[in-house]
Structures are given as C-alpha cells and as structure tokens.
Amino acid sequence: MSTTPSNTRVVSNLLPEEPQDEDTRKGVSRYWEEVWSAGLQPGDRFDARGPAPILIHLLETNALPKGRALIPGCGRGYAPLAFAQYGYQAVGVELSQTACNAAQEMVSNLPEAQRPAEGLLEFKKGNFFELEGKYDIIYDYTFLCALHPDARQHWADQMVKLLAPEGELVTMIFPIVEKEGGPPYAMSIDLVRSLLEPRGLKATTLEMLPDDMCHKGREERTALGRWSRA
C-alpha cells in the first residue's frame, strides 16, 4: 500500500516545455542558469525566502550529526547559511553561477552578527555528480525533484558515495502531488524509499510534516526522510 496521500493541489512546471536534452537527462541542465539569470528574486517561483521550519527545528534541537554539511541545489543559500550559523562547515553547490552569486550577496547583506564564522560557509558552482569527499550530513530539499527522472538512480548512487559512514541524509520530499512532467517532478515517500533502501540506507524518520514545519504554501505536500546506513 502506498504511504503517499493523494494530493492534487497545483504545482506548476517551471518551464513551458519539459527539457529532454542529454545534459538534462544526466541531471546537469543548462536551464537552471537561464532561470536564475532571468532575474529570480526572493520569493519568486521556487525561492522560499528562508530555510524550512523543520530544518531550523532539527538544528536547534541538535538532532543532526555535527561536522561537514553538503547542500546540493542550494539556490539562494538559505539552508547552507542555517547550517553554518549552527557551527557546521557547510558547502552549498549549484549548477548556476548566478545562483551562487545571489547566495553570496544574500550573506553579504546580513548584519554582521548573523553571518557565520569565517571558513564555515562556501558556495560552489559545480556538478553534484562529480563531487568527491565525505559529508556528515547531506540535505536535499527541492534537488531531487528538480532532476530529470533519468538521473534518479545516479542521484542515489552519489548520495551513498558522499555520505560519511556515520552520516545522515536528510530528504525533504516535495512536491507530493499528482502531476505530469517537470521540473519540479512529482515526488513521493515510496519513490525515495525505492531509491535509497536498495543501496543500504535505512529511514529513521519517514513521515509527512505537520503544517507548521513546512514552508507556507507547501503544507500537506512535504515529507521528511532521515536516512543512515543500515
């Protein structure tokens, strides 16, 4: 039986037509630079203006492993900033140089008291699938749903490769809706489970989030998965 509730609330595709070129199918679509360079502002389209409430809750309660944090598809950098503010060495990765620039600008405009300590926060233009190293925490929120379905198996392989032996992968599963095409592509709890469990990751938490832990407008469409090695 599916654990995903039926939800038909509209989540619009970001592009007029679903890209099908080879790079997009590999998870490195050039369209993300086009979206950002068109002048994406805070609060526009997929930009949520800040980190997810559930992330702040997990950080405030010291629920996550400490150390190095990787945030692929980090956008304007709200999540990497939050990790760094709580003492993590955070790396936000983006395909779009314009997105990296927007993240740097966002941090630069903060009051000095809100900026993380020197060396704790890095925004990097790069390809997630080519990253090396190990991370104690990996946070995926609107990254998997942005990838073409052909890239999902590679996404799962790379997550397992990058995760430290005692590390944790946090998946914010969104959007949980019934829709065609993308990006963003429809997600489900069962889909993420089918990608990670065969690779030896076990969910310690896998559930729909209460409304107050979701970004406004994403209630009833967001689930939390916390994964570690079985």
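A salt bridge is a side-chain nitrogen of Lys or Arg within 4 Å of a carboxyl oxygen of Asp or Glu. In this predicted model, D21, R30 and E34 are joined by such contacts into a network. The count of salt bridges comes to 10, while that of disulfides comes to 0. A search of the whole structure also finds 1 cavity of 30 Å³ or more, and the second largest pocket has a volume of about 190 Å³.

**Salt bridges**

- Within the network of D21, R30 and E34, the salt bridge between D21 and R30 has its closest N and O atoms 3.8 Å apart.
- R30 has a relative accessible area of 46% and is therefore classed as partly exposed.
- A salt bridge also pairs K26 with E22, with 3.0 Å between the closest N and O atoms.
- K26 is partly exposed, its relative accessible area being 46%, whereas E22 counts as exposed at 54% relative accessibility.
- The cut-off for the exposed class is over 50% relative accessible area, so E22, at 54%, falls in that class.
- R193 and E197 form a salt bridge in which the closest N and O atoms lie 3.5 Å apart.
- R193 is partly exposed at a relative accessible area of 26%, and E197 is likewise partly exposed at 41% relative accessibility.

**Cysteines**

**The largest cavity**

- The volume of the largest cavity is about 60 Å³.
- Its lining consists of D140, T142, F143, L144, C145, W155, T171, M172, I173, F174, M187 and V192.
- Which element supplies the largest share of the lining of the largest cavity? Strand β5 (residues 163-173) does so, with 3 residues.
- By residue class, the lining of the largest cavity divides into 9 nonpolar, 2 polar and 1 charged.

**The second largest pocket**

- The residues lining the second largest pocket are W36, G39, L40, Q41, P42, R76, T98, A102, E105, M106 and N109.
- Helix α5 (residues 97-108) contributes the most to this lining, with 4 residues.
- The lining of the second largest pocket comprises 5 nonpolar, 4 polar and 2 charged residues.
- The volume of this pocket is about 190 Å³, and that of the largest cavity is about 60 Å³.

Definitions and conventions
Residues are numbered from 1 along each chain as its sequence is written. This is a predicted model: local features need pLDDT of at least 70, side-chain atom pairs count only at pLDDT 80 or more; totals for chains, interfaces and linings use all residues. Side-chain values use heavy atoms; hydrogens and water are left out. On a 1 Å grid over the protein atoms alone, a cavity is a set of points where a 1.4 Å probe fits but cannot get out, and a pocket is an open set with protein on both sides within 12 Å along at least five of seven lines; lining residues have an atom within 4 Å of a point. Grid points are joined across faces, edges and corners, and a volume is the space filled by probe spheres set on the points. Helices (H or I, at least four residues) and strands (E, at least two) are DSSP runs, numbered from the N terminus. Ala, Val, Leu, Ile, Met, Phe, Trp, Tyr, Cys and Pro count as nonpolar, Asp, Glu, Lys and Arg as charged, and the others, Gly among them, as polar. Buried means under 20% relative accessible area, exposed over 50%, partly exposed in between (1.4 Å probe, protein chains only). A disulfide is a pair of cysteine sulfur atoms within 2.5 Å.
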